[in-house]
Amino acid sequence: MTEVAVLEAQEARLTLPRFTYEDAWTLGTLLVDLARKRKAPVAIDVRRGAQQLFHCALPGSSADNDAWIDRKRRVVERYGESSFLVGARFRAKGTTFEASSRLDPDRYAAHGGSFPIAVEGAGVIGSVTVSGLPQAEDHALVVEALERLLGSYAADGT
């Protein structure tokens, strides 16, 4: 399976049945717990539309991570796909996002760590973003938290 196919499958699998303010808190705190256990120096952002529902900066992160969050999140907002998938699509074509997207790299970054929050029947309604680790690790941390959130829905019957 290609990297693009793996990332596409993740997005299809991680569509949520709902996403409430409480769910945003649960997702954000899941990410904080996972990051603390790993001593990961990350910043975390959860949004629904333009509204920031959760933000946390852990020790070792900086304002630079917040800037990366904004740049990666803009890619999700523009493409409706994870920032890692968008970058992988360009790499699969033998180029880079920076060279071929025609978007300002000071505003957009197709680096792993921002993932669309998609809800069944509604599509992409927000994003969850992590910054502070290498891009594949940022992406993997978000995927792990979304998998746990989805599992909690199954456990409570929703």
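1. Basis of the note. This is a predicted model, in which local features need pLDDT of at least 70 and side-chain atom pairs count only at pLDDT 80 or more, while totals for chains, interfaces and linings use all residues. Residues are numbered from 1 along each chain as its sequence is written, and side-chain values use heavy atoms, with hydrogens and water left out.

2. The sheet. Helices (H or I, at least four residues) and strands (E, at least two) are DSSP runs, numbered from the N terminus. Strands of a sheet pair through backbone hydrogen bonds, either parallel or antiparallel. Two strands are taken to pair if DSSP finds at least two bridges between them. Here four strands make an open sheet with antiparallel pairing, in the order β2-β1-β4-β3. On average, neighbouring strands are turned by 15° against each other, direction ignored. Between β1 (residues 43-48) and β4 (residues 123-131) there are six bridges in the antiparallel sense, and A43 stands opposite S131 in β4. Helix α6 (residues 135-155) packs on the sheet and touches β3 and β4, where contact means heavy atoms within 4.5 Å. The direction of α6 makes about 125° with that of β4; axes are lines fitted to C-alpha atoms, for helices over the stretch in contact, and angles run from 0 to 180 degrees between N-to-C directions.

3. W25 and F54. Rings of Phe, Tyr and Trp (its six-membered ring) pair if their centres lie within 6.5 Å; planes under 30 degrees apart count as stacked, over 60 as edge-to-face and the rest as tilted. W25 belongs to helix α2 (residues 21-37) and F54 to strand β2, so the pair ties together parts that are 29 residues apart in sequence. F54 counts as buried at 8% relative accessibility (buried means under 20% relative accessible area, exposed over 50%, partly exposed in between, with a 1.4 Å probe and protein chains only).

4. Y79 is partly exposed at 32%, whereas F97 is buried at 3%. Ring pairs join Y79, F90 and F97 into a cluster.

5. Helix α3 and I69. The 17 residues of α3 reach 25 Å from the first C-alpha to the last, close to the 24 Å expected; the expected span is 1.5 Å times one less than the number of residues. Buried residues of α3 include N65, I69 and V76. I69 has a relative accessible area of 2%. Leaving aside residues up to four places away in sequence, I69 touches A43, I44, D45, H55, T129 and S131. Just after α3, G80 takes a positive phi of about 70°.
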